[in-house]
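Hi there,

Here is the structure I promised to pass on.

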Amino acid sequence: MSTDPEIHTSPPPQPSPGNQNTLPSDFSLTDKVALVSGAGRGLGLTIAEALLQAGARVYALDRIKAPTPELIHVQQRAKDLGTELQYRCVDVRDTDLLNTTIEDIANHECRIDGLVAAAAIQQETSALDYPAEDSDALLEVNVTGVFMTAQAVARQMIRFGTKSSIVLVASMSGTIANRGLICPVYNASKAAVIQLARNLAAEWGQYNIRVNTLSPGYALTSMLELLFIEYPERREQFAKENMLGRLSHPREYRGAAVFLLSNASSFMTGSDLRIDGGHAAW
């Protein structure tokens, strides 16, 4: 007689009727309130639209005086999705207005669940020629502005006791020095954002606030397209510098943003999610 333990097997799961391509509910942002700074155009607006598609109510923050045509189009799409996108004109350098605006949003919604801080500026100038005032201006937006946005939102998250997630948009340029693109202060600012996120994650974990960074590679935004008008040779050069041999599109960061704000990343904090086609690994 065999002395092996009895093995119980279950029948294979049977397919359920209907759509078989449903995402796990952990990726849903239904009934969540999210803010996106730098959302007037480009990557920030693309991320805002992705959060809407995941079910969130989204507030787009930007310094432009009125919504762009692209943002108005996304607002219309939000209605079709059964949610809404609202716009607030805020310059992240204006800390008083930033805090007031975010507090007003929190009071209206009685919660804030997520933030994607995407506001940033770029400048290409050699290190030997970089004026101090230009360096200060870039760091004020890219580092201090990001910090003050996260701070203002975190205060409301703590106030309402929501289990929340903050994503600071950094860059692969926070990890590497870009070949052929001379932007020492921008790269330093993105490295600072990555380190800032680690420290905020350490401080705010006790409040159930997760803080991570998203580091894109070269993405075909209007800013990069304008650069290619001035330096057309860079379009091919930049594409060759990653393992996939091409440039990315803003839409390729949508899933990462939803992942980082949703419960799908519930045990992830203090981390950098770099999506650069393998640029920094080569």
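Let me begin with glycine 44, which at 3% relative accessibility counts as buried. Please keep in mind while reading that this is a predicted model.

Glycine 44 sits in helix H1. Leaving aside neighbours within four places in sequence, glycine 44 is in contact with Val36, Gly38, Ala39 and Ala118.

Helix H1 covers residues 42-53 and helix H8 covers residues 254-261; their axes come within 9 Å and cross at roughly 60°. That angle makes H1 oblique to H8, and the crossing is right-handed. On the H1 side the contact is made by Thr46, Ile47, Ala50, Leu51 and Gln53, and on the H8 side by Arg254, Ala257, Val258 and Leu261. Sorted by class, the residues in this contact are six nonpolar, two polar and one charged.

H1 also packs against helix H2 (residues 69-80), where the axes come within 10 Å and cross at roughly 5°. An angle under 35 degrees counts as roughly parallel, so H1 is roughly parallel to H2. Here Leu45, Glu49, Leu52 and Gln53 of H1 meet Glu70, Leu71, Val74, Arg77 and Ala78 of H2. The class count for this contact is five nonpolar, one polar and three charged residues. Gln53 is named in the H1 contact with H8 and again in the one with H2.

Serine 165 lies in strand S5, which spans residues 164-169, and counts as buried because its relative accessibility is 0%.

Asparagine 142 has a relative accessible area of 0%, so it is buried. Its side chain reaches the backbone nitrogen of isoleucine 121 at 2.8 Å. With residues up to four places away in sequence not counted, asparagine 142 touches Ala120, Ile121, Tyr186, Ser189 and Val193. The C-alpha atoms of asparagine 142 and serine 165 are separated by 20 Å, and the two residues are 23 apart along the chain.

Finally, a couple of backbone details to look at. Aspartate 31 has a positive phi of about 70° although it is not a glycine. Aspartate 31 falls in the segment before strand S1 (33-37), and with 54% relative accessibility it counts as exposed. Cysteine 110, not a glycine either, has a positive phi of about 60°. You will find cysteine 110 in the loop between helix H3 (95-109) and strand S4 (114-117).

Happy browsing, and do write back with any questions.

Best wishes

Terms used:
Residues are numbered from 1 along each chain as its sequence is written. This is a predicted model: local features need pLDDT of at least 70, side-chain atom pairs count only at pLDDT 80 or more; totals for chains, interfaces and linings use all residues. Side-chain values use heavy atoms; hydrogens and water are left out. Helices (H or I, at least four residues) and strands (E, at least two) are DSSP runs, numbered from the N terminus. Buried means under 20% relative accessible area, exposed over 50%, partly exposed in between (1.4 Å probe, protein chains only). Axes are lines fitted to C-alpha atoms, for helices over the stretch in contact, and angles run from 0 to 180 degrees between N-to-C directions. Angles under 35 degrees count as roughly parallel, over 145 as roughly antiparallel, 65 to 115 as roughly perpendicular and the rest as oblique. A crossing is left-handed if the near helix is turned anticlockwise from the far one by less than a right angle, and right-handed if clockwise. Contact means heavy atoms within 4.5 Å. Ala, Val, Leu, Ile, Met, Phe, Trp, Tyr, Cys and Pro count as nonpolar, Asp, Glu, Lys and Arg as charged, and the others, Gly among them, as polar. A polar contact is a pair of N or O atoms within 3.5 Å; within protein, one must be able to donate a hydrogen and the other to accept it, and residues adjacent in sequence count only if both atoms are side-chain atoms.
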